Amino acid sequence: MPQSHKVTLIPGDGIGPEVTQAAVRILEATGVKFEWESFAAGAEAFEKYKEYIPKELTESIERTRVGLKGPVTTPIGGGFSSINVELRKRFELFANFRPIRNLPHIPTRYPDVDLIIFRENTEGLYSGIEHEVVPGVVESLKIITEKASTRISRFAFEYARNNQRRRIHSIHKANIMKMSDGLFLRCSRAVSKEYPEITYGEHIVDNTCMQLVMNPYQYDILLMENLYGDIVSDLCAGLVGGLGLVPGANFGHECAIFEAVHGSAPDIAGKNIANPTAVLRSALLMLRHLGEHDAALKISNALDHVYRDRSKLTRDVGGTAGTSEFADAVIAAIQSQKSATLSPVH
Ligand code: NAI
């Protein structure tokens, strides 16, 4: 009997349920067995459980140690704190891994982009510590610690060493935030000394944005604190065809949650037009994490086929197909493969 994987599923809200459902159908078409433990989070969970992150969800992740997550809306300028940030902190998912690669056959400004962003996921300005000093004056605390900065730096350098990557740039604003970003830099610099085979560089974040738009090939791995990682990820998504395509993973020592870079996209939610590719590519990362390399290869080949064929693409990448039609096409491409023999491209 093949092993069955217990996975915590957080469909999320907005386009979340549509894109995660498409990904789940595709995952199941590979023949790998899953036992999904599905939970709401955020506003929807609050209605049902009076908690934004229900106890049952926390317990499930503690048990399964693997999650596949759709986006969860965070109210703007008030309301409850980000569930996404809270989950990363609660499970110490300190390393946010975002590979930025073109999908073949999608026209973009640059072909063959191959970048990785490592974003520190637990502190920085996302510590959410804010208060009103006096009326009209508000303070937000940016927390940077030696422990977290060293931990994410080591994770990025280990990844580079184990995956034959050549260069890491630490991205910062230590010219202005001399103490906080200065500490982040000192930690990444110290870790870099342990990896002499990897070229280490430092760039200021605003310059990095310009450099990425002008010539993304000069970078290999970008290492940065939380807020810069959030912003630079979306910029990089724009380099390779948009938010509908870019996957992500949140790794801790105990567990991992896989989720796309994009948010809940309220502008297109409930219309069956969102692109599930980003969540699906996140699920591919999950399959590899689970050791299901054949299934990952099957999906990767199927995606390649569907993007090459172009007749079932979603609107964001120039097609007219709906979310579910795209998923059906990927499933048909999986079923038509006798065996996965091509090399992975995604
Ligand atoms: P967003 O990523 O939801 O949308 C930005 C733009 O990209 C929109 O035009 C949207 O239609 C498009 N887009 C996003 N995903 C797409 C997909 N799969 N297919 C096609 N088009 C797609 O960012 P926005 O609007 O800034 O945030 C909306 C909400 O999502 C906010 O409440 C935010 O806090 C939340 N959010 C949640 C995240 C998470 O759960 N990890 C991450 C980012 C934002």
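Mentor: Glu259 places a polar side-chain atom 3.1 Å from a nitrogen atom of the ligand. His262 also has a polar side-chain atom facing a ligand nitrogen, at 3.4 Å. With Ser264 the backbone is involved: one of its polar atoms is 3.0 Å from an oxygen atom of the ligand. A polar contact here is a pair of N or O atoms within 3.5 Å; within protein, one must be able to donate a hydrogen and the other to accept it, and residues adjacent in sequence count only if both atoms are side-chain atoms.

The model is predicted, so local features need pLDDT of at least 70 and side-chain atom pairs count only at pLDDT 80 or more, while totals for chains, interfaces and linings use all residues. Residues are numbered from 1 along each chain as its sequence is written, and side-chain values use heavy atoms, with hydrogens and water left out.

In total, 22 residues surround the ligand, and the closest are Val72, Thr74, Gly263, Ala265 and Asn275.

Now the helices, which are DSSP runs (H or I, at least four residues) numbered from the N terminus. Two packed helices are described by the angle between their axes and the distance between the axes. The axes are lines fitted to C-alpha atoms over the stretch in contact, and angles run from 0 to 180 degrees between N-to-C directions.

H9 (residues 277-289) packs against H1 (residues 16-29) at about 45°, with the axes 9 Å apart. H1 and H9 are therefore oblique to each other; under 35 degrees counts as roughly parallel, over 145 as roughly antiparallel, 65 to 115 as roughly perpendicular, and the rest as oblique. Their contact (heavy atoms within 4.5 Å) involves Val19, Thr20, Ala23, Ile26 and Leu27 of H1, and Val279, Leu280, Ala283, Met286 and Leu287 of H9. Nine of these residues are nonpolar, one is polar and none is charged. Ala, Val, Leu, Ile, Met, Phe, Trp, Tyr, Cys and Pro count as nonpolar, Asp, Glu, Lys and Arg as charged, and the others, Gly among them, as polar.

H9 also packs against H10 (residues 293-309), at about 155° with the axes 8 Å apart. That angle makes H9 roughly antiparallel to H10. On the H9 side the contact includes Thr277, Arg281 and Leu284, and on the H10 side Ile299, Leu303 and Tyr307. By class, the contact of H9 with H10 has eight nonpolar, three polar and two charged residues.

Notes
Helices (H or I, at least four residues) and strands (E, at least two) are DSSP runs, numbered from the N terminus. A residue is near a molecule or strand if one of its heavy atoms lies within 4 Å of it.
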